[in-house]
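Me: I'd like to learn how to read confidence and salt bridges in a model. Could you walk me through one?

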Amino acid sequence: MTKRTVRGTRARLSGTADLRDRADTLSVQLREGAARAGRQAQGRAMKGGHTAQERLAKARHTFQERALRTGHAVQERAGRAGHLATEQAAGAGHTVEDRVAQPARTAVRALVRLPRPVLVAGTAVAVAVAVGALRRSRRT
């Protein structure tokens, strides 16, 4: 609406239009504030997610390192135990070899030097004995 004033003619807004402009301004400010708060919340959530990911990755690496160290320690102990058993078996073989009579000494030497063929021969003898025992038990 246009009103005439003493100073001349000028367009002046009515009270309702003025209130409408203020309401629009406030709604724009509210939208901007809400958008800012949303961005801040999103940023904090993202930062928290990254922090959680970093902690998880660190924990995973720590666990892997401990498992690796433990595995190496177990492997080393097993290797030492295997070497010790081999040395003890060799020592026992040498002891038996030195204390046994001459005919048995040759068999002990063969067993120490070539264990697989002696094992095969021993298995064949055991099978022959078992077959003989079964035949004998069937006859009676």
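Reply: We'll take confidence first, then the salt bridges.

Reply: This is a predicted model, where local features need pLDDT of at least 70, side-chain atom pairs count only at pLDDT 80 or more, and totals for chains, interfaces and linings use all residues. Residues are numbered from 1 along each chain as its sequence is written, and side-chain values use heavy atoms, with hydrogens and water left out.

Me: What pLDDT does the protein chain average?

Reply: pLDDT is the predictor's confidence in each residue, from 0 to 100. Here the protein chain averages 81, and 85% of the residues score at least 70.

Me: Which element has the lowest mean pLDDT, and which the highest?

Reply: Elements are DSSP runs numbered from the N terminus: helices are H or I with at least four residues, strands are E with at least two. Strand 2 (residues 8-11) comes out lowest with a mean of 45, while helix 1 (residues 15-99) is highest at 86. Over residues 8-12 the pLDDT is below 50, and beyond near neighbours in sequence that stretch has six contacts in the model (a contact means heavy atoms within 4.5 Å).

Me: OK, on to charges. How many salt bridges does the structure hold?

Reply: The general idea is that side chains of opposite charge can pair when their charged atoms come close. The cut-off is a side-chain nitrogen of Lys or Arg within 4 Å of a carboxyl oxygen of Asp or Glu. By that rule, the structure holds three.

Me: Which residue does Asp 18 meet in a salt bridge?

Reply: Its partner is Arg 22, at 3.9 Å from N to O. Both sit in helix 1, four residues apart, or about one turn of the helix.

Me: And is Asp 18 buried, partly exposed or exposed?

Reply: Buried means under 20% relative accessible area, exposed over 50%, and partly exposed in between (1.4 Å probe, protein chains only). Asp 18 has 35%, so it's partly exposed, and Arg 22, at 53%, counts as exposed.

Me: What about Arg 69: which residue is its salt-bridge partner?

Reply: That's Glu 65, with the closest N and O atoms 3.9 Å apart. Arg 69 is exposed at 56%, whereas Glu 65 is partly exposed at 46%.

Me: How far apart are the closest N and O atoms of Glu 76 and Arg 80?

Reply: They're 3.0 Å apart, in a salt bridge. Glu 76 and Arg 80 also lie in helix 1, four residues or about one turn apart. Glu 76 is partly exposed at 49%, and Arg 80 is exposed at 52%.
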